Number of protein chains: 2
Amino acid sequence: MRDLNEGTLTNETIRAVTGGSDKRISQVSEALVRHLHAFIREIEPSQAEWEYGIKFLTRVGKQCSDTRQEFILLSDTLGVSMLVDAINHRQSEGATETTVFGPFYVENRPQLPLGANMSPDETGTPLFVSGTVRALDGQPIAGALVDAWHSDEVGHYDVQVGDDLRMRALFRSDAEGRFWFWTVRPTFYPIPNDGPVGDMLAAQGRHPYRPEHVHFMISAPGQQTLVTHLFIDNDPYLDSDVVFGVKNSLITDYSRHDAGTAPDGSTCHRDFLTLNYDFVLNPEAE
Amino acid sequence: MRDLNEGTLTNETIRAVTGGSDKRISQVSEALVRHLHAFIREIEPSQAEWEYGIKFLTRVGKQCSDTRQEFILLSDTLGVSMLVDAINHRQSEGATETTVFGPFYVENRPQLPLGANMSPDETGTPLFVSGTVRALDGQPIAGALVDAWHSDEVGHYDVQVGDDLRMRALFRSDAEGRFWFWTVRPTFYPIPNDGPVGDMLAAQGRHPYRPEHVHFMISAPGQQTLVTHLFIDNDPYLDSDVVFGVKNSLITDYSRHDAGTAPDGSTCHRDFLTLNYDFVLNPEAE
């Protein structure tokens, strides 16, 4: 393994990276080196381009923090996240379709009772969200964990503007599998584009926008965890989502209501919107 | 561009990333998405494996500092750096062969006069290094910038142990293209393996060692900058360099000398080594 050249380098590298005891690590390492070298051989980067690539990846890493995951953004904007999602959700006939997780989930989110307002101090249009969680056979799932999170009315997530966690919460479905909560209407927004991923999008001539959506992550014992969004019909970015995440089956629409009695029996003193969707979980693989 | 699936996602992503005005960026983006998606399609990562990949790359970025470049280490240990080097140095007939730059070069290194000792306070075996810088036609190159850097006798670079820059300096060749300086003998060493690249090497069943070497970067007007090492014969790691960098033409050996008069006329009070090598630069491409 010396005096390696363009002809011998790839095979010798593969030989070196596949000597471990873990078969999956050997398999992934072999494929990584083969595809990575094929990419390099095709583009033939100059030394300066290679240095740019090293610096770009370093910037992506440096941009990551507790509240921003720039490598997830990079994966999202290169279509990798949706590809991994598609590969992992092939048997979804009848179940709710999945989409990207995104970079804004926060482990330490508040747990709220059904009917609570996730965003009581937020300006914006009041929004009542409700739905049912069911198994593939139609049975409602009681006690399902329903995580919801979304942007504010100008397109920012809580973690982008401060330390206060708002517009996100964890709920637990009731005995009939139902969940409901109050929040405010989100909007379409640009993904964070003041970092290296934003530079990449600009260089590729792309806008940074995602269509308006509410994130959901729903889990229950014996069921595959569902990671998805609900999109809103007629959004201007439904056909050019920068992370390729829109599925037709996830596009729904608000119902508009005058101020007055809301579906949960409470009184809303301003005009408000309602959004209703029933989620169907896939059973866990045997 | 909605409702994308395993069949349509790659082509639609390629369409999205190739809309910019810069042809090279479109070309690299297209190839990146195609090869990256081919890798993902082949290994079919689970969501957990994808998350591991995101976290691994994030750790690599976080490990980078002014004195450590973990992404270069990753490139080096996956054979990418040597492949880029080979692609960029195809017309080297008669010129000194190149090898990896490595992660330990420091821009802010001291400039010293010829004959100076880069490592006066260092323990270890005294080493006198000398050579000539020539053009491809054999003419000596006066005023060439000769950068040298290497590890100490236990295998650490200065930047790994403190803020004091030692065992590195920039020299300028004399009117006959000659350079010479004193330092101490380096040794084989493990690349920094307390970070994510170290974890990768362990998982792949690889040792982290590089054979003993002195780094050189040599530049002169009208000449391609030469980035290379000198290796020492009979080193135990010449055939398993973790970064695939060894070329036979770069393997040389020390001459051993008893204490006494050195080649530069000075007196060395301890037994010492000498290392001599003539470097030949390639002319810059037209």
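Trainee: Which residues in α4(A) meet α7(A), and which residues of α7(A) do they meet?
Mentor: Keep in mind that this is a predicted model. For a helix pair, list the residues on each side. From α4(A) you have A:Glu70, A:Leu73, A:Leu74 and A:Thr77, and they meet A:Pro196, A:Val197 and A:Leu201 of α7(A). Sorted by class, the residues of this contact are five nonpolar, one polar and one charged.

Trainee: And at what angle do the axes of α4 and α7 of chain A cross?
Mentor: At roughly 25 degrees, with the axes coming within 9 Å. Angles under 35 degrees count as roughly parallel, so α4(A) and α7(A) are roughly parallel to each other.

Trainee: Now the domains. Into which domains is chain A divided?
Mentor: Domain 1 of chain A covers 9-77 and domain 2 covers 90-281. Their C-alpha centres lie 33 Å apart. The contact takes 13 residues from domain 1 and 11 residues from domain 2.

Trainee: Which element gives the largest share of the domain 1 side?
Mentor: That's α4(A), with six residues. Both α3 and α4 of chain A give two or more residues to that side. By class, the domain 1 side has five nonpolar, four polar and four charged residues.

Trainee: How should I read the relation between the two chains? What rotation superposes chain B on chain A?
Mentor: Check the angle and the shift along the axis together. Here the rotation is 180 degrees with 0.0 Å of shift, and the RMSD is 0.0 Å. The two copies are thus related as by a two-fold rotation axis. In chain B, the C-alpha nearest that axis belongs to B:Gly61, 1.9 Å away from it. The same surface serves both copies, as 100% of the contact residues of chain B recur in chain A.

Trainee: How many residues does each chain put into the contact?
Mentor: Chain B gives 66 residues and chain A gives 66 residues. On the chain B side, α1, α2, α3, α4 and α5 each supply at least two residues. The most comes from α2(B), with 15 residues. That side divides into 34 nonpolar, 21 polar and 11 charged residues.

Trainee: What's the general idea with phi?
Mentor: Most residues other than glycine have a negative phi. That makes the exceptions worth a look. Phi of A:Phe244 is near 65 degrees, and phi of B:Glu44 is near 45 degrees.

Trainee: Where do A:Phe244 and B:Glu44 sit?
Mentor: A:Phe244 lies in the loop between β8 and β9 of chain A, while B:Glu44 is in the loop between α2 and α3 of chain B.

Trainee: Is A:Phe244 buried or exposed, and is B:Glu44 buried or exposed?
Mentor: A residue is buried if 20 or more other C-beta atoms lie within 10 Å of its own, and exposed if 12 or fewer do. A:Phe244 has 25 other C-beta atoms within 10 Å, so A:Phe244 is buried. B:Glu44 has 11, so B:Glu44 is exposed.

Conventions
Residues are numbered from 1 along each chain as its sequence is written. Chains are lettered from A and ligands numbered from 1 in the order in which they are written. This is a predicted model: local features need pLDDT of at least 70, side-chain atom pairs count only at pLDDT 80 or more; totals for chains, interfaces and linings use all residues. Axes are lines fitted to C-alpha atoms, for helices over the stretch in contact, and angles run from 0 to 180 degrees between N-to-C directions. Helices (H or I, at least four residues) and strands (E, at least two) are DSSP runs, numbered from the N terminus. Angles under 35 degrees count as roughly parallel, over 145 as roughly antiparallel, 65 to 115 as roughly perpendicular and the rest as oblique. Two residues are in contact if their C-beta atoms, placed from the backbone, lie within 7 Å. Ala, Val, Leu, Ile, Met, Phe, Trp, Tyr, Cys and Pro count as nonpolar, Asp, Glu, Lys and Arg as charged, and the others, Gly among them, as polar. Domain bounds come from an automatic or database domain assignment. Copies are superposed by least squares on the C-alpha atoms of residues with pLDDT of at least 70 in both.
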